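Dear colleague,

Please find below the structure for your review. The notes on what was found in it follow directly after.

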Amino acid sequence: MMNYRLPKLPVLAGLVALLGAAIGLNGDDAGAAPPDARPNVLFCLADDWGWPHAGVYGDRVVQTPAFDRLAREGVLFERAFISSPSCTPCRNSIITGQHFYRLDQGANLHSTLDVRHPNFMTLLETAGYAIGHYRKAWGPGDFRAAGYERHPCGPAYKGFDQFMKERPKNQPFCFWFGTSDPHRPYVEGSGRESGMNIDAVQAPGFWPDVETIRSDIADYYFEVQRWNRDVADAMALLEQAGELDNTIIVMSGDHGMPFPRCKGNLYDWGVRVPLAIRWGSQVKGGQRVDEFVSLIDIAPTVLEAAGVETPAVMTGRSLLNLLRGKESKDDRSSIVVGRERHTPAQEVPSMVGFPARAIRTDRWLYIMNLESDRWPAGVPDNATHPIGQFADCDGGPTKAFLMEHRDDPKYARYFQYCFARRPAEELYDCEKDPDQLKNLATDPKYHVTAAQLRSQLIARLKETADPRFTEAPVEFDEYPYRAKYLQKRVEEWRRANK
């Protein structure tokens, strides 16, 4: 049973009378339910799609006309971040509107979500919305392990078209439109074969500019473009139904691209995501927002738009003022992010993660690596982990190239950027060093800056009840890892290494 207070259902009698008068209902047809004027919500979330990979952000290769249209006809967010650069904790944080570290087991990959945490989709359902999802939405993990009897995003559908056909016509809806694109694996060479100019692909400064890596990025772009076409098809369905302008469409990704030093990391390439929101009847198009926003802000935004009370435990803050071109009532001069256990990748039998917290301001990125003796991307020795070296980093041509050239003086520094141990503190000047390569934390000239950011970060973490900075027990490393594939391989590895 859910033990949080559900919002009261809207008082429909007055609304029915008001709408009836507005559309001319009389006594003869008073028995027919009037249309519900509240907005629909289409939440489009990609898997591993990171910033700045969209045409509207200036990427010269990837083609994203659906996202660009949403930005052109709605609001483009220049500084959108997630709470944690890992699938399950990010999605948990989105659906609950809370920072990942407040969600106990839900702070880790392949975990669960306790029903005691309010869920914006079920709150909308209680308030009269039809809900559902398609493909990857919540997870991965076991939602039944903490009290859910069905998927946290509602019933599964074979597609948005099926949902649109079967939903009740007199109800607004909230639909989680998911995908596994652009998660690995990729079809190698798919980007080039689709016609992309590999030579025009730009690699960030922590990888060498070589054809192997540019081609790998193009393969990632190929799946970003496939996802973009899916969203375009969903928008076309809304247009055909005449519901496009009364639908809040949100399009984003759950964290950075599945490459070394991106996904799973607290640099911009891991925690910064594309974000565009369109609400045709209510929000002026062509706006760009520079304030820091988080995907945990989506839950209170759609709840407010639907007229549903936002639970006090939600740490996200509504974006409606920003969408309407008004000043935010909140301090959005910085953002806090972090991570706990992604893939267990330390020396077996250890199941611990690589905990870290960070604060990003307009100029600075400050990171606290809370267990700096651990490996950020996993152990380097293939013999000590069942899924190999640096197992906390997705495999692929880019990772393979860096590992194969680790001892080559020409490429060794790139290997170090991606896989070496990291100090307890990192500080980057994002204006001068946008790829965040030069750590200034030990430079005496920046000690005051680091101290100020450290203090600011810790204060925010305490204020939002991060167990690592309060008196609460810290259990992130002890929670079960609910991925059967890894459990099986660990057991096989143990038997083979007795």
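Asp216 and Arg184 form a salt bridge, with their closest N and O atoms 2.8 Å apart; a salt bridge here is a side-chain nitrogen of Lys or Arg within 4 Å of a carboxyl oxygen of Asp or Glu. The model is predicted, so local features need pLDDT of at least 70 and side-chain atom pairs count only at pLDDT 80 or more, whereas totals for chains, interfaces and linings use all residues. Residues are numbered from 1 along each chain as its sequence is written, and side-chain values use heavy atoms, with hydrogens and water left out.

The Asp216 pair links distant parts of the chain, 32 residues apart: Asp216 lies in helix H7, and Arg184 in the loop between strand E4 (173-178) and helix H6 (190-193). Helices (H or I, at least four residues) and strands (E, at least two) are DSSP runs, numbered from the N terminus. Both Asp216 and Arg184 are buried, that is, under 20% relative accessible area, with exposed being over 50% and partly exposed in between (1.4 Å probe, protein chains only).

In a further set, salt bridges that share partners join Arg69, Glu73, Glu239, Asp245 and Arg278 into one network. The structure holds 34 salt bridges. Among them is the one between Asp47 and Lys136, whose closest N and O atoms are 2.9 Å apart. These two residues are 89 residues apart, Asp47 in the loop between strand E1 (40-46) and helix H2 (65-73) and Lys136 in the loop between strand E3 (130-134) and helix H5 (160-166). Asp47 and Lys136 are both buried. Another salt bridge joins the side chains of Arg38 and Asp36 (2.8 Å, N to O); Arg38 counts as buried because its relative accessibility is 14%.

Turning to helix packing, H7 (residues 211-240) and H11 (residues 397-404) pack at an angle of about 160 degrees, with their axes 8 Å apart. Axes are lines fitted to C-alpha atoms, for helices over the stretch in contact, and angles run from 0 to 180 degrees between N-to-C directions. H7 is therefore roughly antiparallel to H11, a term for angles over 145 degrees. The contact (heavy atoms within 4.5 Å) is made by Thr212, Ile213 and Asp216 of H7 and by Pro397, Thr398 and Phe401 of H11.

Finally, Thr361 lies in strand E10 (residues 356-361). Thr361 counts as buried, at 12% relative accessibility. Leaving aside residues up to four places away in sequence, Thr361 touches Phe292, Ser333, Ser334 and Leu453.

Yours sincerely

Technical notes
Parallel < 35°, antiparallel > 145°, perpendicular 65-115°, else oblique.
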